[in-house]
Amino acid sequence: MNHFPKLFSTMKLEPYTLRNRIESAPMGVHGTPEGYITAEGTAYYELRAKGGAAIVTLGESMVDSKGTSHGRVNPLDDPGILPSLINTTDAIKRHGAVPSIELLHAGIRSQTQRPDGAVYGPSAGTSFYGKKIIEMGEAEIEQVVNAFGNAAEMAKLGGVQMCMIHGGHGWLLSQWFSPLHNHRKDRFGGSIENRARIALMIIEDIRKKCGPNFPIEIRLSGDEFTEGGMKLEETVELAKILDGKVDLIHVSAATFNDRTAGLRMFPSMFLPRGCNVYLAEAIKKAVKTPVNTVGALNYPAHMEEILESGKADMITLGRALLADPYLPEKARKGNEEDITPCIRCNYCISQNFTPYVKYPRGVARCVVNPIIGREYESRFVQVSDGKKKVMVVGGGPGGMQAAITAADQGHEVILCEKSKRLGGTLVYAEREYFKEDTKKLTEVLIRRVHERPIRLMIDTEVTPEVVREISPDVLIAAVGAEPFIPDIPGIKNKNVVVAASMYDEDAIGKKVVVIGGGLVGCEEGLHLAHLGKEVTILEMLEKAAADAPYLHWLGLMRELENSVRLETRVKCTRITEGGVLAVNEKGEERFYEADTVLLAVGLKSRTEMVESLRNCAPDFVVIGDCLRPATVMEAIHMGYFSAMNI
Ligand SMILES: Cc1cc2nc3c(=O)[nH]c(=O)nc-3n(C[C@H](O)[C@H](O)[C@H](O)COP(=O)(O)OP(=O)(O)OC[C@H]3O[C@@H](n4cnc5c(N)ncnc54)[C@H](O)[C@@H]3O)c2cc1C
Ligand SMILES: Cc1cc2nc3c(=O)[nH]c(=O)nc-3n(C[C@H](O)[C@H](O)[C@H](O)COP(=O)(O)O)c2cc1C
């Protein structure tokens, strides 16, 4: 039975019949120093084909590797790429998906390796990295057109069955489209027809070199969301020019040239789901070519509605397929409640988000899916040689994940939780209006626990006696952390509320001072401001929420900008009935009026409890916040591996 008939209807992209309407977004992984795809990279892409996507798109691949975007990406002007490309496309095809590849020229965003340090663009100026931009003449235009065609040909030799031209996000082609960067007066500048000319030449060259049975998709930014950049109305005109020339028009958003616009490119958790769909919808109304939409899409029912209502013909998923590569297959089989949701924390992309992070880390990781970036090595994990009795103490995300994985490995599992519900500290995050997907994550984990043959002991505080009674072979401590209470005069006042608790929102006064501007303090402050409170956040360090993934931090700071007062380098010295006294770096003391003081100065591991359990079973493992207060990522990953390692 087909639960989402539109989503799982086939689609013809000559000569291929796509098995459904889901494309796996281009999401590059770092390769060898030459940019070749590693075995890890192949396994990373393969998983999304195995999970059921119809098209799996390899991320940024350079048509001119001397002007790379951010290092170690596939060089399509180097035949050395072929063996790893063939291995990767084979791996995608053997699961019934069509391998595609994203063809990219960085233009004025290239971190060039040319000896003269020059970069090429539509108009002269200074490049993003401070280099001189050489305005491309007809000869250079011809070279670039050729480079795209040759790259597509190389990709085809490598087993790629279609391609995606990158015409968005601020890379070379969008530099030509955008009035921000194209100031030419010749046949390549001025009108949108002229600015689109190079794209048409590239399409023609690819057709000439790859033949008719090689579908071409073009990725555009529906709106650059940047002052002076491409607006939707003009992208619609651009799409009309491309109509019928390409096989699929893919509508993303924003440009890398504007940092905050990036929040639309990788939609932050503060934006609504499917926030870019309206861009695709407007373009679809103007063209006959099928249109693909992307951005913050997580739920099959929502995807079905988009297709059903004719807003788009295809859905592209990025982070959702990192969180759960099996999303398509789960949805097709009616098992959508088991999909691990992407929580849009943007950890995955922030790790490599150069130049804003000091160094790209060069590995893929997903907070909610421990396998991502470890797909290859996980094939070699030794399956446990026998059934063990595994006792997990603590029903937070770490403990639940450990119990789920241990049960899947065939062990006898007992999960004990002190409180009356599963979820641990994560339930506090659920009250925040932008954490709907985190709430869903908790629900999915709880559901998985209930679906498995796990003996669940709720409302059970584990002590060494309880462990001895159960007598497990393996004891996993996942007892979490508790709020750190600093020694500040007035800390025990009635007006002090702890952020890491199930506080009563109705009891919070109108004026709130949050002590501690880490990630929790900032997010809680934003949440309270959303409830209509006047919020001041005081942070001792130079930077607030310094522990947040870069793109999440950027989104959070933007949200805070207009809703709270945030002061850094301010140390709280005393809490009174009426507020908080604090000193700044110059030693000046100031009073901040407050009806309620929210304490968010961190957590401390339940070390004593952990130590009391240490010698109660033959094997003992400590995971999550009780090892070191961190995030749901450490909890879930350690939970998973602690069970896999049994
Ligand atoms: C307000 C707030 C918001 C947060 N938001 C986010 C977020 O958005 N993203 C993110 O990644 N992280 C967030 N965190 C951090 C995240 O919640 C924790 O890192 C994560 O929950 C740790 O998981 P855990 O399983 O190790 O421990 P916990 O979630 O703390 O779970 C430990 C469990 O053990 C139980 N327990 C304790 N002692 C015993 C015992 N003796 N016997 C039985 N059970 C016991 C506790 O009752 C609890 O349920 C937030 C934290 C707070 C306070
Ligand atoms: C880890 C990661 C890598 C990405 N790499 C690329 C890339 O190589 N090329 C590209 O055009 N977009 C890239 N993107 C953007 C995605 O293709 C997609 O447009 C974006 O994540 C929004 O979709 P989503 O909300 O479904 O994640 C990347 C995104 C992520 C999360």
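A charge is said to sit over a ring if NZ of Lys or CZ of Arg is within 6 Å of the ring centre and within 35 degrees of the ring normal. By this criterion, the charged end of Arg-48 sits over the ring of Tyr-44, 4.2 Å from its centre. The structure is a predicted model, in which local features need pLDDT of at least 70 and side-chain atom pairs count only at pLDDT 80 or more, whereas totals for chains, interfaces and linings use all residues. Residues are numbered from 1 along each chain as its sequence is written, chains are lettered from A and ligands numbered from 1 in the order in which they are written, and side-chain values use heavy atoms, with hydrogens and water left out.

- Helices (H or I, at least four residues) and strands (E, at least two) are DSSP runs, numbered from the N terminus.
- The expected span of a helix is 1.5 Å times one less than its number of residues.
- Buried residues of H3 include Ile-141, Val-144, Phe-148 and Met-154; buried means under 20% relative accessible area, exposed over 50%, and partly exposed in between (1.4 Å probe, protein chains only).
- Among the elements that cover the buried residues of H3 are helix H2 (82-93), strand S6 (98-104) and helix H6 (197-210), where contact means heavy atoms within 4.5 Å.
- Just after H3, Gly-159 takes a positive phi of about 90°.
- The 12 residues of H20 should span 16 Å, and its end C-alpha atoms are 16 Å apart, which agrees.
- Nine of the 12 residues of H20 are buried, including Tyr-550, Trp-553 and Leu-560.
- The buried residues of H20 pack against helix H8 (262-265), helix H13 (347-350), helix H19 (519-530), S22 and strand S23 (564-567).

**An open sheet**

- Three strands, in the order S24-S25-S26, form an open sheet with antiparallel pairing; two strands pair if DSSP finds at least two bridges between them.
- Strand S24 (570-576) and strand S26 (589-593) are the edge strands, each pairing on one side only.
- S24 and strand S25 (residues 579-584) pair in the antiparallel sense over six bridges.
- Leu-581 in S25 is the bridge partner of Arg-574.

**Aromatic rings and charges**

- Rings of Phe, Tyr and Trp (its six-membered ring) pair if their centres lie within 6.5 Å; planes under 30 degrees apart count as stacked, over 60 as edge-to-face and the rest as tilted. The count by this rule comes to nine aromatic pairs.
- The rings of Tyr-640 and Phe-641 form an edge-to-face pair, because their centres are 4.9 Å apart and their planes are at 90°.
- Tyr-640 counts as buried at 15% relative accessibility.
- Trp-171, Phe-256 and Phe-266 are linked by ring pairs into a cluster.
- The charged end of Lys-543 sits over the ring of Trp-553, 4.5 Å from its centre.

**Backbone exceptions**

- Most residues other than glycine have a negative phi, and most peptide bonds are trans.
- A cis peptide bond, with omega about 5°, joins Glu-14 and Pro-15; Pro-15 lies in the loop between strand S1 (11-13) and strand S2 (16-18).
- Phe-225 has a positive phi near 50° and is found in the loop between strand S11 (216-221) and helix H7 (232-242). With a relative accessible area of 26%, Phe-225 is partly exposed.
- Ala-545 has a positive phi of about 50° although it is not a glycine, and its place is in the loop between strand S22 (534-538) and helix H20 (550-561). Ala-545 is buried, with a relative accessible area of 1%.
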